[in-house]
Amino acid sequence: MASLRQRSGRSGRARDASDPGTRTRILDAAEELFAGGGYEATPTAEIARLAGVPKGLVFHYFPKKIDVLVALIDERTLVEELPEVEAVPGDAAGTLSRLARRLPLSASPAMRRILFREADTHGSVRDRLGRLNGEIIRRARFALELALPTARGDAARLEVAAVTFAAVLLYQENLCQLTGHHIDPDAVAELIAHALG
């Protein structure tokens with residue numbers, strides 16, 4: 001890698017442009033920098049430096065800096081790839097806990113920070129966050145309906161429970177940063193199940 005960065009000229013750049021790992025390194029660098037200091041405070045040159053690529057190569061993959069942010073949001077917070085619900089009748093807490101452990105956001109606190117930091121200023125981020133929140137609520141409500149078949153007639157309570165659970169999952173990183181307290185999704189699942197029981 002160092003030899004590619006030290007090389008100048010067309011052949012080195014062409015090789016970087018065709019390397020499938022280059023785009024991933026750019027996104028990895030952007031994720032780290034955007035999560036740390038924010039999108040606006042991160043120059044494209046810093047993304048290139050951290051990724052170990054020439055600045056022009058960043059623009060080869062992403063013509064504008066906003067395209068880097070959009071790619072991160074689209075590719076690393078995938079609503080479409082949320083897991084199927086594994087519900088156990090009579091075990092609402094276990095069902096919600098399993099759902100929480102399988103959500104892709106639990107694997108990336110950095111992406112969660114980016115989502116919440118940039119949602120106020122970038123429509124595409126706000127839209128993605130809204131879709132993600134809606135999908136988690138839908139899946140949590142469905143999981144609760146399967147786990148608690150007798151509660152199906154109480155749609156309002158199930159909706160509040162699903163919204164509460166989604167909020168905890170999505171906001172746990174922010175709450176931890178603000179308060180220093182880690183919120184255990186299993187404990188929240190137990191609390192919700194008890195309230196619905």
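Start by selecting Phe62, which is buried at a relative accessible area of 3%. Here buried means under 20% relative accessible area, exposed over 50%, and partly exposed in between (1.4 Å probe, protein chains only). The model is predicted: local features need pLDDT of at least 70, side-chain atom pairs count only at pLDDT 80 or more, and totals for chains, interfaces and linings use all residues. Residues are numbered from 1 along each chain as its sequence is written, and side-chain values use heavy atoms, with hydrogens and water left out.

**Whole chain**

Zoom out and colour by secondary structure. The chain has 11 helices and 0 strands, where helices (H or I, at least four residues) and strands (E, at least two) are DSSP runs numbered from the N terminus. Of its 197 residues, 44% count as buried. Switch to a surface: the chain exposes about 10200 Å², and carbon and sulfur atoms supply 54% of that area. Accessible areas come from the Shrake-Rupley method with a 1.4 Å probe; for residues, only the protein chains shown count as cover. Among contacts (heavy atoms within 4.5 Å) between residues at least 6 apart in sequence, 67% join residues at least 24 apart.

**Residues 43-62**

Select residues 43-62, where an unreviewed UniProt entry places the feature "DNA-binding region". UniProt positions are given in the numbering used here, feature names are shortened, and annotations may be inferred rather than shown by experiment. The span is 75% helix and 0% strand, and its end C-alpha atoms lie 14 Å apart.

**Helix H4**

Which residues of H4 are buried? They are Thr44, Ile47, Ala48 and Ala51. These four cover an arc of only 95° around the axis, which puts them on the same side of H4; the arc is that of the directions from the helix axis to the C-beta atoms. An α-helix has 3.6 residues a turn, so residues three or four places apart point the same way.

Now show helix H3 (20-37), helix H5 (55-61) and helix H6 (65-76), against which the buried residues of H4 pack. Step past the end of H4 to Gly52, which follows the helix and has a positive phi, near 75°.

Go back to Thr44, which counts as buried at 10% relative accessibility. Leaving out residues up to four places away in sequence, Thr44 touches Lys55, Val58, Phe59 and Lys65. Thr44 and Lys55 are 11 residues apart in sequence, with their C-alpha atoms 7.0 Å apart.

For a view across to H3, select Thr24, which is found in that helix. Thr24 is partly exposed, with a relative accessible area of 39%. Its C-alpha atom is separated by 8.8 Å from that of Ala51, 27 residues away along the chain.

**Aromatic rings**

Display the aromatic side chains. How many aromatic pairs does a search of the whole structure find? It finds 2. Rings of Phe, Tyr and Trp (its six-membered ring) pair if their centres lie within 6.5 Å; planes under 30 degrees apart count as stacked, over 60 as edge-to-face and the rest as tilted.

Select Phe34 and Tyr39: the ring centres are 5.3 Å apart and the planes are at 70°, so this pair is edge-to-face. Both Phe34 and Tyr39 are buried. Tyr61 and Phe62 form a tilted pair, 6.4 Å centre to centre with 45° between the planes.

**Last stop**

Move to Thr150, in the loop between helix H9 (123-147) and helix H10 (155-179). Is Thr150 buried or exposed? Thr150 is exposed, with a relative accessible area of 82%.
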